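This report describes selected features of one protein model. Please look over the sequence and the structure before reading on.

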Amino acid sequence: QLNIVESGGDLVQPGGSLRLSCANSGLMPPHFGLDRYVVGWFRQVPGKEREGISCISSGGHTIYADSVKGRFTISRDDANTVYLQMNSLKLEDTAVYYCAADSRSSWRRNCNPSDMDSWGKGTQVTVSL
């Protein structure tokens, strides 16, 4: 069982940057590292559906939503950590950001919340003047 934990959310001004981190804090046999799975970042604001922002496959293939292309970058650092580097933040990027993993797959064509089966509790990102 994966135990996803996110960190890095904060209050930032428009145009600023943040880096979110995601890791599996559960028991760590080597095959439970996040590097074996599709991992994604999603965000949600009150009254709206959860939105797929970016996903990365075990092989490094990345997917981005149009709203964040050129501003956000997803990456892996080691066997268990996935980052979301967010630059040029806008007011509309304000949301709770969730990290999630698909423990059944190493590759996905799309970045859909419905494909993920392990979720973190979320971290708040607020972009404000």
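## Sheet and strands

Glu 6 stands opposite Cys 22, a residue of strand S3. This is a predicted model, in which local features need pLDDT of at least 70 and side-chain atom pairs count only at pLDDT 80 or more, while totals for chains, interfaces and linings use all residues. Residues are numbered from 1 along each chain as its sequence is written, and side-chain values use heavy atoms, with hydrogens and water left out.

S3 (residues 18-24) is joined to S1 by 4 bridges, and the two run antiparallel. Strands here (E, at least two residues), like helices (H or I, at least four residues), are DSSP runs numbered from the N terminus. Two strands count as paired if DSSP finds at least two bridges between them.

The structure holds 8 salt bridges. A salt bridge is a side-chain nitrogen of Lys or Arg within 4 Å of a carboxyl oxygen of Asp or Glu.

Arg 43 forms a salt bridge with Asp 93, with the closest N and O atoms 2.9 Å apart. Arg 43 belongs to strand S4 (residues 38-44) and Asp 93 to the loop between strand S8 (81-86) and strand S9 (95-102), so this pair ties together parts that are 50 residues apart in sequence. Arg 71 also forms a salt bridge with Asp 93, the closest N and O atoms being 2.8 Å apart. Because Arg 71 lies in the loop between strand S6 (62-64) and strand S7 (72-76), and Asp 93 in the loop between S8 and S9, the pair ties together parts that are 22 residues apart in sequence.

Both Arg 71 and Asp 93 are buried, where buried means under 20% relative accessible area, exposed over 50%, and partly exposed in between (1.4 Å probe, protein chains only). Asp 93 has 0% relative accessibility.

## Other salt bridges

Arg 43 forms a salt bridge with Glu 51 too, at 3.0 Å between the closest N and O atoms. Arg 43 is buried at 7% relative accessibility, whereas Glu 51 is partly exposed at 29%.

A network of salt bridges links Asp 102, Arg 104, Arg 108, Asp 115 and Asp 117.
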